[in-house]
Structure formats: structure tokens, C-alpha cells
Amino acid sequence: MAGRTSVPGLPGPRPSRLQCIAIALLFLIVIVGLIILIFWLIVRPTSIDYTVEHAAIQRFNISSANELDAAFNLTLRSINPNRKVAVYYDDMKISVWYDNQMISLTEASPFFQPHRNITRLDIKAVANSTQLEDQVAKDLQHDKSSGQIGLEVRVRARIRFKVGVVKSKHYKLRAYCTPVNVGFAPNSATSFDRVYCDVEI
């Protein structure tokens, strides 16, 4: 029975197409990882901060059917402390909550925030015949009689970071601002205390 013999000096089998693709993908992952690491070491991005600078209720009425008509005037402050990172806000929604029920939702126009910048956002969140839960309606009426309502303001945004000419993929920004103790305009003009928000990206 003849045995197999190998000839010294001849090249071995060539890698398959699948092996080549796997090697290329591994190389690409390593390169992308190094780029992200170098980017972070150079830029060292700092979290964006949000505060509620002022809030007031312009009109407020709860019907016998527990439907809310109200206008909440909010002034938000977005702080980008980064020296090299700017931010694109491609989509932003601001909602007003009371006792775990959303009572108003509005959108802000897209905007660009440069590095080391403070952007002021004047928001008017309107509730038009918003149906309230029975207990929520009772609690709101009770708080109204005291002249102040405790609310939560939430911000949701789709953002991109920009460093030089490079733009990142989209990230989700969430800000939770509570408690926002809102008075009724015009009596609330000078009585509001700044609220600092918890921000997640």
C-alpha cells in the first residue's frame, strides 16, 4: 500500500474565503477599538448637564370629566462643558409628569450646541383635554388650592457628538428633573428654585 509523501518546500493549502473574511473582520474590530480608545484618551468627554431654571403655569383647568387644559412654561438650561466635543440635537421631546402620569408632551426644534456652551431652551408644554386618572385629578386640584404643584420634567433626545470634522453615531440622552415645584403665573416670577437633572446617555 503506497503511502502519502510530502515534497519539502512546497506551500501549504491556501486559507479559504471564509477564513480570510474572519481575519479581516477581526482586524477591523481591533482597529475600531484602538480608534475609540485613542479618541477617548484625547477628548475625554464629560457628561452634559441639564437644569430647570424656571417653571410656571400659565393656565390650568380640570373639567368635570377629569380633562386637563393647562400650559406649562419651562426654561431649561443645557450645559456642554467639553472643550473639544460639540453636540447635534437631531430630535428632542420634553414631557411633564405628575404622579407617574404624563400630562403634557412637546417637541423642541433641532439645534447644534458648540463645545463649552450653555444653551437656554424656552419650552411651552401644553395639555389639551388630557384625560386624567381619578386620583391624579383629585391630587392636582388639591395642590392647585395650595398655589403650587410638584411636577417632574423629562427630556428625551437623539444626539450626535462632533469632534473636528468627525461625527459620531446617534446616542439617546435622557434627563429626569424632579421635583419641579411650579407656581401659577404671574405670582411665580421670583419664587422658583433651580432644579438639577439626572442625565443618562
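This report describes selected residues of the structure above, together with their surroundings and their covalent links.

The model is predicted, and local features are reported only at pLDDT of at least 70, side-chain atom pairs only at pLDDT 80 or more, while totals for chains, interfaces and linings use all residues. Residues are numbered from 1 along each chain as its sequence is written, and side-chain values use heavy atoms, with hydrogens and water left out.

**The disulfide**

A search of the whole structure finds 1 disulfide, a term for a pair of cysteine sulfur atoms within 2.5 Å. The disulfide joins Cys177 to Cys197, with an S to S distance of 2.1 Å. Cys177 belongs to strand E9, whereas Cys197 lies in the loop between strand E10 (195-196) and strand E11 (198-200), so that the pair links distant parts of the chain, 20 residues apart. Here strands (E, at least two residues) and helices (H or I, at least four residues) are DSSP runs, numbered from the N terminus. The link of Cys177 and Cys197 is right-handed, with 105 degrees about the S-S bond.

A residue is called buried under 20% relative accessible area, exposed over 50%, and partly exposed in between (1.4 Å probe, protein chains only).

| Residue | Relative accessible area | Class |
|---|---|---|
| Cys177 | 1% | buried |
| Cys197 | 12% | buried |
| Cys20 | 41% | partly exposed |

Thr51 is found in strand E1, which covers residues 49-62. Its relative accessibility is 1%, and Thr51 therefore counts as buried. Contact means heavy atoms within 4.5 Å. Residues up to four places away in sequence not being counted, Thr51 touches Thr75, Leu76, Arg77, Arg194, Val195, Tyr196 and Cys197. One of these, Cys197, is also a partner in the disulfide with Cys177. The side chain of Thr51 makes a polar contact of 2.6 Å with the side chain of Glu53. A polar contact is a pair of N or O atoms within 3.5 Å; within protein, one atom must be able to donate a hydrogen and the other to accept it, and residues adjacent in sequence count only if both atoms are side-chain atoms.

Asn80 lies in strand E2, which covers residues 67-80. With a relative accessible area of 1%, Asn80 is buried. Neighbours within four places in sequence being left aside, Asn80 is in contact with Val85, Ala86, Val87, Gln113, Pro114, His115, Arg116 and Asn117. Asn80 and Gln113 are 33 residues apart in sequence, yet 7.4 Å apart in space, C-alpha to C-alpha. A polar atom of the Asn80 side chain lies 3.1 Å from the backbone oxygen of Pro114.

**Backbone features**

Which peptide bond is cis, with omega near -5 degrees? It is the bond from Thr178 to Pro179.

Two residues have a positive phi although neither is a glycine: for Asp99 the angle is near 50 degrees, and for Asn100 it is about 65 degrees. Asp99 is found in the loop between strand E3 (86-98) and strand E4 (101-108), and Asn100 likewise lies in the loop between E3 and E4. Asp99 counts as partly exposed because its relative accessibility is 47%. Asn100 has a relative accessible area of 67% and is therefore exposed.
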